Amino acid sequence: MANFDPAGYQPAQNLLEDRVILVTGAGSGLGRAAARSFAARGASVILHGRTLSKLERVYDEIVADQSPEPAIAPLNLLKASAPDYFALRDRIQDDYGRLDGLLHNAGILGTLTPLAQYDVNTWAEVMHVNLTVPFVLTQVLLPLLGNAADASVVFTSSGVGRRGRAYWGAYAVSKFGIEGLSQVLADEAEEAGRLRANAINPGRTRTGMRAAAYPAEDPNSLPAPESLMPTYLYLMGPDSRGVTGETFDCQT
Ligand code: NDP
């Protein structure tokens with residue numbers, strides 16, 4: 001576990017100035033908070049998500065914040081195929097010429113079910129969205145990340161990605177996988193030195209996914225996504241230069 005104190009971190013107002021950052025699942029929850037927070041610190045954010053109306057809302061919020069104008073990139077990750085990924089890459093290449101940051105945030109819960117009854121199709125969908133897509137997207141975007149002087153890839157993990165828990169099935173296994181993917185990428189990129197990869201565990205957070213997993217819980221007892229942004233900002237910006245292959249907990 002990396003040694004970082006989110007409470008003591010004071011990100012500069014222009015921390016992400018001139019950086020181009022793609023956030024997956026930017027329409028709600030942690031992705032929305034991260035996109036707004038990156039933009040507020042000067043980044044040009046590419047808002048990816050499944051639901052266009054949610055992305056348009058976040059776009060409006062960012063413009064109202066007087067942050068740099070974002071871009072919108074809707075894509076259903078369950079249905080996307082090679083041409084969709086290449087089209088996204090080409091668009092980023094044409095519009096910006098490089099990618100400085102990539103936050104793999106989109107994810108699905110699947111069902112909370114014992115392995116004995118876990119539906120195989122649900123298993124495959126969760127593994128696809130939570131693990132295979134971050135691999136594919138990273139692979140497709142590597143050349144653009146290579147064009148940046150200080151590129152950062154951040155993968156979203158979970159507590160159940162470090163210690164398995166009953167009934168969390170494919171979700172837990174996909175998060176174990178994401179930690180492995182992050183470490184493999186970090187190790188491969190270390191020699192080049194211009195790209196770092198780390199995994200972040202937000203911890204229990206007030207979002208739609210958390211409410212689906214714990215319907216009886218009072219959402220007001222949970223931290224808001226916005227309160228976790230110091231760790232996200234640290235990992236996306238120059239203050240974490242040289243930090244790679246690590247895992248971070250937003251809540252200690
Ligand atoms: P949300 O459900 O609010 O956000 C998930 C995002 O993923 C949404 O924007 C959603 O888009 C997008 N998404 C889901 N499926 C697809 C798809 N097929 N194609 C494109 N986009 C898709 O959850 P959170 O904000 O809580 O989750 C964000 C990340 O944080 C996830 O990786 C989650 O595993 C992780 N996490 C969350 C914790 C928590 O307590 N909340 C704890 C630990 C980890 P749309 O809204 O359009 O459907």
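Tutor: What follows is a conversation about the ligand and the pockets.

Student: What kind of model is this?
Tutor: This is a predicted model, in which local features need pLDDT of at least 70 and side-chain atom pairs count only at pLDDT 80 or more, while totals for chains, interfaces and linings use all residues. Residues are numbered from 1 along each chain as its sequence is written, and side-chain values use heavy atoms, with hydrogens and water left out.

Student: Which residues come nearest to the ligand?
Tutor: They are Arg-50, Thr-51, Lys-54, Tyr-171 and Thr-207, out of 29 residues around the ligand. A residue counts as near if one of its heavy atoms lies within 4 Å of the molecule.

Student: How much of the ligand does the protein cover?
Tutor: The protein covers 93% of the 890 Å² of accessible area that the ligand has on its own, by the Shrake-Rupley method with a 1.4 Å probe.

Student: Which classes of residue form the shell around it?
Tutor: The shell divides into 9 nonpolar, 15 polar and 5 charged residues. Nonpolar means Ala, Val, Leu, Ile, Met, Phe, Trp, Tyr, Cys and Pro, charged means Asp, Glu, Lys and Arg, and the others, Gly among them, are polar.

Student: On to pockets: what is the volume of the largest pocket?
Tutor: About 1000 Å³. A pocket is an open set of points on a 1 Å grid over the protein atoms alone, where a 1.4 Å probe fits, with protein on both sides within 12 Å along at least five of seven lines; lining residues have an atom within 4 Å of a point. The volume is the space filled by probe spheres set on the points.

Student: Which residues are closest to its centre?
Tutor: Of the 43 lining residues, these are Asn-105, Gly-107, Ile-108, Thr-207 and Met-209.

Student: What about the second largest pocket, how many Å³ is that?
Tutor: About 150 Å³. Its lining has 7 nonpolar, 2 polar and 1 charged residues, and Phe-135 and Glu-188 are among them.
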